[in-house]
Amino acid sequence: MKKQINLRSLAAQTIERVVEQGQSLSNVLPTAQKPLSEKDSALLQELCFGVLRTLPQLEWIIGKLMSRPMTGKQRTIHFLIMVGLYQLMFTRIPAHAALAETVEGAVVLKREKLKGLINGVLRQFQRQQEILTQEMGDGPQKYLHPKWLLERLQRAWPDDWQQIIEANNMRPPMWLRVNRQHHTRDAWLAMLQEQGKNAEAHSDYDDALRLEEPTSVNQLPGFDKGWVTVQDASAQGCIALLDPQNGETILDLCAAPGGKTTHILEAAPQAKVMAVDIDAQRLARVKANLARLNMAAEVKVGDGRYPEQWSENRQFDRILLDAPCSATGVIRRHPDIKWLRRDRDIAELTALQSQILDAIWPSLKTGGTLLYATCSVLPEENHQQISAFLQRHKDAIHQPVTDSPLPGKQVLPHPQGGDGFFYAKLIKQ
């Protein structure tokens, strides 16, 4: 008989790899999910995402319940206790089941002697939960963000930082992009409604729908035929602003995993599209997305700072630069960003963005459009970056897309809206 996998110990090990070893949850979670059923895979994801969303709160509680932290080879048990606390605080899993499965996780981790300690800490929390909640107060344990990021958000958005924090700490809505080459949005929505599901249309983006309840892609009409793609509404806004046309030569730079590449081709199927990314492994996802939608694009490994190595001196009618950034606008989708990023990273990222902008600008034809985009909410990466670029390049004209006096358009994450995103449209004269 196949031995049952203990999901709590698996979650603890996965979280440890993120927090202690600095690995991305997007990389380590799929590997952990491989041997699991769909149901168990979903629960593992819930536990990992949930603990990483609420990490400061769980750390604070453990500090109150234990005289000293677990270190060294016992560190995995620290994260196992977190998994137990998260279940008791934030899930509908019956307390007895959460306790039993979490304690049993110690056996799988070959720390059987610590079963009593884990059980004791979790039961002590159950007795003191109300008091601990009252004591929690302000700080990282309340806002669930590291101090450096909280301070940056407060400086940048004195009137909006609490809304940003709130959105970051929520589960994200599930947005879809209907492939206009197959159906109109309304026609596809009618098929969805025939299945007893519903979605709401985005007011600004013609292809975007928000599902009332997230669902498996296998339940979406025609997903395997390329009729629909999962993509956040704010990411879809890139193509509305880029406005690709048939017959044009278009560069999608920093293209992986390919959502915007395929959206360009849905909007302009006769365009010649080159998708470039520095990460060969992630480019495999671009190719997979193109194949699912039965589309063709030239896919290349390349560093945006050195276009001479991959562009063959081509000139492009339009360039979409989805620049490497802090990803502070998509924290609700990737809660590990809060713990993997450091304050010093922002200066390094802004320098990289500047280098790529300067390097790729000569590849844009006169009269061409460059759309600069980030999934960041930090001004240094966004309007300040574009202001500095415009100072350096007198042949660049900013085309306003809002009535803001600052260059570009900043979208903040919203509980029922899109992710945090920034766009700036530049025309070469």
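Predicted model: local features only at pLDDT ≥ 70, side-chain atom pairs only at ≥ 80, totals over all residues.

Visitor: At what angle do H1 and H3 pack?

Guide: Helix H1 (residues 7-19) packs on helix H3 (residues 38-53) at an angle of about 45 degrees, and their axes are 9 Å apart. Helices here are DSSP runs of H or I with at least four residues, strands are E runs of at least two, and both are numbered from the N terminus. Axes are lines fitted to C-alpha atoms, for helices over the stretch in contact, and angles run from 0 to 180 degrees between N-to-C directions.

Visitor: What does that make H1 and H3 to each other?

Guide: H1 and H3 are therefore oblique to each other. Angles under 35 degrees count as roughly parallel, over 145 as roughly antiparallel, 65 to 115 as roughly perpendicular, and the rest as oblique.

Visitor: Which residues meet there, and of what class?

Guide: Leu7, Arg8, Leu10, Ala11, Thr14, Ile15, Val18 and Val19 in H1 meet Asp40, Leu43, Leu44, Leu47, Cys48, Val51 and Leu52 in H3. Contact means heavy atoms within 4.5 Å. The contact of H1 with H3 has 12 nonpolar, 1 polar and 2 charged residues. In this scheme Ala, Val, Leu, Ile, Met, Phe, Trp, Tyr, Cys and Pro count as nonpolar, Asp, Glu, Lys and Arg as charged, and the others, Gly among them, as polar.

Visitor: And H16 with H17: which residues meet?

Guide: From H16, Thr350, Gln353, Ser354, Leu357 and Asp358 meet Gln385, Ile386, Phe389 and Arg392 of H17. The residues of this contact of H16 with H17 divide into 3 nonpolar, 4 polar and 2 charged. Helix H16 (residues 345-360) and helix H17 (residues 383-392) pack at about 40 degrees, with axes 11 Å apart.

Visitor: Turning to H11, which residues are buried?

Guide: Arg185, Trp188, Leu189 and Leu192 are buried in helix H11 (residues 185-194). Buried means under 20% relative accessible area, exposed over 50%, and partly exposed in between, with a 1.4 Å probe and protein chains only.

Visitor: Why are they on the same side of H11?

Guide: They cover an arc of only 105 degrees around the axis, which puts them on the same side of H11; the arc is that of the directions from the helix axis to the C-beta atoms. On the other side of H11, Asp186 and Glu194 are exposed.

Visitor: What covers the buried residues?

Guide: The cover includes strands S1 (175-178), S2 (199-201), S3 (208-211) and S4 (228-230).

Visitor: Now the backbone. Which peptide bond is cis?

Guide: The bond from Ala256 to Pro257 is cis, with omega near 10 degrees. Pro257 is found in the loop between strand S5 (249-253) and helix H13 (259-267).

Visitor: What is phi at Lys110 and at Ala327?

Guide: Phi of Lys110 is near 60 degrees, a positive value in a residue other than glycine. Phi of Ala327 is also near 60 degrees. Most residues other than glycine have a negative phi, and most peptide bonds are trans.

Visitor: Is Lys110 buried or exposed? And Ala327, buried or exposed?

Guide: Lys110 counts as exposed because its relative accessibility is 71%. Ala327 counts as buried, at 11% relative accessibility.

Terms used:
Residues numbered from 1 in each chain as written. Heavy atoms only, no water.
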